[in-house]
Amino acid sequence: MMELPEKLQHAEGKAFLVELRPLLEVDRPRIVLDCSQMENIDSAGIEILLHCMEEAMKRDGDLKLAALSPASAAILELMRVDRLFEVFATAEEAAQSFHALGLEEPQGLPWYSAPHGLANLKAAS
Amino acid sequence: MGLGAILVVGAEREIFSSAAPQTDLKALLAQPLACVDILGRSVLESMIERFVRANVEAVTVLVAAEHSCGVEPLRGTYEHVSVRVVDDLFSALSEQLSDYSRRGIEHSFVVSASVYTETDLLDLFYFHREARQVATRGLDRDGPLDLWVVDCAQAQQGDVEGLLAQAEKAGATYFIREYVNRLLQPQDLRRLVSDALSGRCAMRPCGREVKPGIWIDTGAEIDRGARIVAPAYIGRGSKIQEDTLITRFSNIERDCCVDCGTVIEDSSILANTHVGIWLEVRHALANGNMFLSLEHEVVIEISDPGVMRSTRPVQQGTKDGWSWNRKAREPQTVADPKPKPSPAPEWQLGADLIQG
């Protein structure tokens, strides 16, 4: 979970990205960005959010937003990216949603871990 | 029997309660709502036109000095219409009533320019005359309106502000059943646009109705790849670029540009606004770089000019507003100050792209 700065524009965004990078580079990153402090975001800021989401998804993870202010929500809508992010009222809700969706490491489910699982199934049949 | 009209722009005293702009509007607009173009002309001009059509002998627009920069030239040319920029609205109102009285105008309408009403003005006047009151106030189902008819000779003798305030208490009221919009909130502006576009009120957009429900004003350019779904209005000299969608009671006022791929839905883009590429403007008002989301009830200043910006040309600076307004300090006949060298070009439109 990470808190977004008050302003997310070009300069602030770069610094934020440096801070966030280690979290993005782990396997299956599950990131919640708490936007409660964020008051100002521009197109550069949105680009950074999209970049972060892309990076997270590349590693089979996800990035969720929480506590968006009305102004930030309106900007995301205006820029047509509101549908791309899952948005939650609070950071806790966003964090819980990762568990609810079963994004935990699958254990003991052989058919889930192909190709090894598939091979087992084929052998069994 | 003479009949005059005084329209007041920018009054913020209690008596003109509906003229006081609300916070959201103040953040969004630098000018009074009455002066904002809605479907090609301001509410102020629409009201002037109603008075002119009712054969009112003289129409005076009193503009509070602090709002003088917001008053723009009227689109039409009207005789017997004068504009005065004043420091104290109530003493100016009193002076104007005295002036009318001297000129033999016995009764006058006094109205806040923000109030848009389609009441029968002559019926209101006859009601007032028969009631033999000093002042008669209009009201509708939501309460009193900033619209009065006053006896000029009697009104000038006393305190005008008190007189207007007392009219309702004295029982001198006229109930308005016709369409009224107080234009207090941004939502009221949107309501007026949708009511006008859907024919729920008598206000009609300027320009030509090229297909049922689609009005295109002079000089508008619409790309072949743009799609306009009725009802909608595209203002004078506006440019609608390719792959845009203008839909659901949206109005794009004069000299705007909606750039490629952008969707405008149930929104008003006020004059001189550039809306950037690939955006989605829904349930909103945009004025230059100010964006009001009605859904989220928030006004945002867009700092990125690529997203949204004002295209208003920089005016020759004067301390008290534009040059036109400086002249307006003296009573004058209102007309478009710019010479018209040639007829405005016809609108240009791509074929088969408008959904009626």
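B:R254 is tucked away as a buried residue, its relative accessible area being 15% (buried is under 20% relative accessible area, exposed over 50%, partly exposed in between, with a 1.4 Å probe and protein chains only). Keep in mind that this is a predicted model, where local features need pLDDT of at least 70, side-chain atom pairs count only at pLDDT 80 or more, and totals for chains, interfaces and linings use all residues. Residues are numbered from 1 along each chain as its sequence is written, chains are lettered from A and ligands numbered from 1 in the order in which they are written, and side-chain values use heavy atoms, with hydrogens and water left out.

**Salt bridges**
- B:R254 pairs with B:D37 in a salt bridge at 2.8 Å, N to O (a side-chain nitrogen of Lys or Arg within 4 Å of a carboxyl oxygen of Asp or Glu).
- B:D37 sits in strand β2 and B:R254 in the loop between β19 and β20, so the pair ties together parts 217 residues apart in sequence.
- B:D37 is buried as well, at 12% relative accessibility.
- In chain A, A:R59 and A:E55 form a salt bridge, with the closest N and O atoms 3.1 Å apart.
- A:E55 is buried at 13%, while A:R59 is partly exposed at 28%.
- Over all chains, the count is 22 salt bridges.

**Chain B overall**
- Chain B has eight helices and 29 strands (DSSP runs, numbered from the N terminus: helices are H or I of at least four residues, strands E of at least two).
- Of its 356 residues, 57% count as buried.
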